[in-house]
Amino acid sequence: MERNQDIITFVTEDGDEAVFHVIEETRINGRDYLLVLDDIEGEEQEALILKDVSAENEPEAIYEIVEDEKELKVVADLFSEILEDTEFML
């Protein structure tokens with residue numbers, strides 16, 4: 001993972017790069033979450049919530065897309081509160 005201001009680049013398991021704009025980040029129950037927008041030119045941007053699933057001794061963070069509906073709702077609600085005027089459609 002490479003971080004440059006509000007842009008973050010991930011390397012997928014296939015070795016491809018995925019670039020995202022970080023909108024917000026938070027920590028819930030000791031777990032870090034990122035709210036990001038994809039950076040695909042010419043297409044409508046999609047917001048994703050990513051969860052840090054790396055172990056404490058990992059040299060770099062490992063993020064996965066939050067797919068569990070309950071967890072997604074809790075984290076989306078928190079991001080909605082943080083960003084005040086933002087509503088998420090799940």
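H1 has 14 residues, and at 1.5 Å a residue it should span 20 Å; its end C-alpha atoms are 20 Å apart, so the two agree. The expected span here is 1.5 Å times one less than the number of residues in the helix. Helices (H or I, at least four residues) and strands (E, at least two) are DSSP runs, numbered from the N terminus.

Before going on, the ground rules. This is a predicted model, in which local features need pLDDT of at least 70 and side-chain atom pairs count only at pLDDT 80 or more, while totals for chains, interfaces and linings use all residues. Residues are numbered from 1 along each chain as its sequence is written, and side-chain values use heavy atoms, with hydrogens and water left out.

The overall layout is one helix and six strands. From the N terminus the order is β-β-β-β-β-β-α. The protein has 90 residues, of which 28% count as buried. Buried means under 20% relative accessible area, exposed means over 50%, and partly exposed is in between (1.4 Å probe, protein chains only). The protein exposes about 6800 Å², and carbon and sulfur atoms supply 42% of that. Those areas come from the Shrake-Rupley method with a 1.4 Å probe; for residues, only the protein chains shown count as cover. Of the contacts in the protein with a separation of 6 or more, 23% are between residues 24 or more positions apart. A contact means heavy atoms within 4.5 Å.

Back to H1. Which residues of H1 are buried? They are Glu71, Leu72, Val75, Ala76, Phe79 and Ser80. They cover an arc of only 165 degrees around the axis, so they sit on the same side of H1. The arc is that of the directions from the helix axis to the C-beta atoms. As a reminder, an α-helix has 3.6 residues a turn, so residues three or four places apart point the same way. On the other side of H1, Lys70, Val74 and Glu81 are exposed.

What do the buried residues of H1 pack against? The answer is S3, strand S4 (31–38) and S5. Ile28 counts as buried, at 18% relative accessibility. Leaving out residues up to four places away in sequence, Ile28 touches Tyr33, Val75 and Leu78. Between Ile28 and Val75 there are 8.1 Å in space, C-alpha to C-alpha, and 47 residues in sequence.

Next, the salt bridges. A salt bridge is a side-chain nitrogen of Lys or Arg within 4 Å of a carboxyl oxygen of Asp or Glu. A search of the whole structure gives three.

Glu71 is buried, with a relative accessible area of 19%.

Another pairs Asp77 with Lys73, at 2.9 Å from N to O. Asp77 and Lys73 are four residues apart in helix H1, so about one helical turn separates them. Asp77 is partly exposed at 37%, and Lys73 is partly exposed at 43%.

Then there is Arg27 with Asp32, whose closest N and O atoms are 2.7 Å apart. Arg27 counts as exposed, at 52% relative accessibility, while Asp32 is partly exposed, at 27%.

Last, the aromatic rings. Rings of Phe, Tyr and Trp (its six-membered ring) pair if their centres lie within 6.5 Å; planes under 30 degrees apart count as stacked, over 60 as edge-to-face and the rest as tilted. The count by this rule is two aromatic pairs. In Phe10 and Phe20 the ring centres are 5.8 Å apart and the planes are at 70 degrees, so that pair is edge-to-face. The pair links distant parts of the chain, with Phe10 in strand S2 (residues 7–11) and Phe20 in strand S3 (residues 17–28), 10 residues apart. Phe10 is buried at 12% relative accessible area, and Phe20 is buried at 11%.

Phe10 also pairs edge-to-face with Tyr63, at 5.6 Å centre to centre and 75 degrees between the planes. Here the distant parts are strand S2, with Phe10, and strand S6 (residues 63–65), with Tyr63, 53 residues apart. Tyr63 is buried, as is Phe10. Phe10, Phe20 and Tyr63 form one aromatic cluster.
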